[in-house]
Amino acid sequence: MAEVRAVSHYNSDQHILLVGEGDFSFAASLASEFKNAPHLVATSLDSLETLQQKYPVTFRRSLKQMKEAGVEVMHGVDIRSMVNDDRLLHRCFDRIVYNFPHSGFLEKHAETSNAVIKRHRRLLSAFFDNASKLLRPDGEVHVTHHVRLPYTKWDIENLAKSNRLQLEACPLFKRDLYDGYVNRRGAGAHWGRTFPIHNAATYIFCTA
């Protein structure tokens, strides 16, 4: 029997679904810590070709680390409809993880605008609806995000509650626990660049 290895909220015995990955450095971090990670499924909305263009160096490195650990990698997974994705049919997970969700930018609209906030809220609401249907009875949904304005206006806790999930805890996110993880912008004028996350937390939800 393989040794169960853990990092923060996750261990190698759990069936974990990561969604919205960018250069897959978070997935690669878990893979490197677990050593053997056949229960880890890492997904992106972007296609393989797009990721190779966006992150030619870091994605290649992440892919190598995940392959060595046996991680299952999927591309073109839309969190708004993933419950109907053939690759995820009849599968359930102990942990479903979405780090720094973002619905993209609107031209001439700042992150503080109501139009952008509504767009983000629609994305997260759809995610919670889908995630709740892919969760094992004792499983958890994790959403890591900033806990400051304007992001607190997304009202993440109540979006989850409207989709059959209740907040269990909200610890501060400690990036230094995930060796090699670098959060990057996935779109916009500064895509590919990192951004400060010293005030981020992980919302941990369970079924209501």
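Is Phe93 buried or exposed? With a relative accessibility of 2%, Phe93 counts as buried, where buried means under 20% relative accessible area, exposed over 50% and partly exposed in between, using a 1.4 Å probe and protein chains only.

Before going on, a word on the model. It is a predicted one, in which local features need pLDDT of at least 70 and side-chain atom pairs count only at pLDDT 80 or more, while totals for chains, interfaces and linings use all residues. Residues are numbered from 1 along each chain as its sequence is written, and side-chain values use heavy atoms, with hydrogens and water left out.

**The chain as a whole**

The chain holds five helices and nine strands; helices (H or I, at least four residues) and strands (E, at least two) are DSSP runs, numbered from the N terminus. Along the sequence they follow the order β-β-β-α-β-α-α-β-β-α-β-α-β-β. The radius of gyration is 16 Å, close to the 17 Å that the globule rule gives for 208 residues, so the chain is as compact as a globular protein of that length. That radius is taken over C-alpha atoms, and the rule is 2.2 Å times the number of residues to the power 0.38. Buried residues make up 47% of the 208 residues. Of the contacts with a separation of 6 or more, 75% are between residues 24 or more positions apart; contact means heavy atoms within 4.5 Å.

**Helix α1 and its surroundings**

Let's turn to helix α1, which spans residues 25-34. Eight of its ten residues are buried, so α1 is largely enclosed by the rest of the structure. Among the buried ones are Phe26, Leu30 and Phe34. The buried residues of α1 pack against β1 (6-7), β2 (10-11), β3 (16-19), β4 (40-44), α3 and β6. Just after the helix, Lys35 takes a positive phi of about 70 degrees.

Ala31 belongs to α1, and Phe93 sits in strand β6, residues 93-99. Here are the two side by side:

| Residue | Element | Relative accessibility | C-alpha separation |
|---|---|---|---|
| Ala31 | α1 | 1% | 19 Å to Leu51 |
| Phe93 | β6 | 2% | 17 Å to Arg80 |

Not counting residues up to four places away in sequence, Ala31 touches Ala37, Leu40, Gln65, Met66, Ala69 and Val71. With its own neighbours within four places set aside, Phe93 has contacts that include His15, Ile16, Leu17, Val41 and Leu134.

**The second largest pocket**

Helix α1 also takes part in a pocket: it gives the most to the lining of the second largest pocket, with five residues. On a 1 Å grid over the protein atoms alone, a pocket is an open set of points with protein on both sides within 12 Å along at least five of seven lines, and lining residues have an atom within 4 Å of a point. This pocket has a volume of about 200 Å³. Its lining comprises 17 residues, and Ser25, Ser29, Gln65, Asp179 and Gly180 lie nearest the centre. Both α1 and α3 (58-69) supply at least two residues each. By type, the lining divides into five nonpolar, seven polar and five charged residues.

Technical notes:
On a 1 Å grid over the protein atoms alone, a cavity is a set of points where a 1.4 Å probe fits but cannot get out, and a pocket is an open set with protein on both sides within 12 Å along at least five of seven lines; lining residues have an atom within 4 Å of a point. Grid points are joined across faces, edges and corners, and a volume is the space filled by probe spheres set on the points. Ala, Val, Leu, Ile, Met, Phe, Trp, Tyr, Cys and Pro count as nonpolar, Asp, Glu, Lys and Arg as charged, and the others, Gly among them, as polar.
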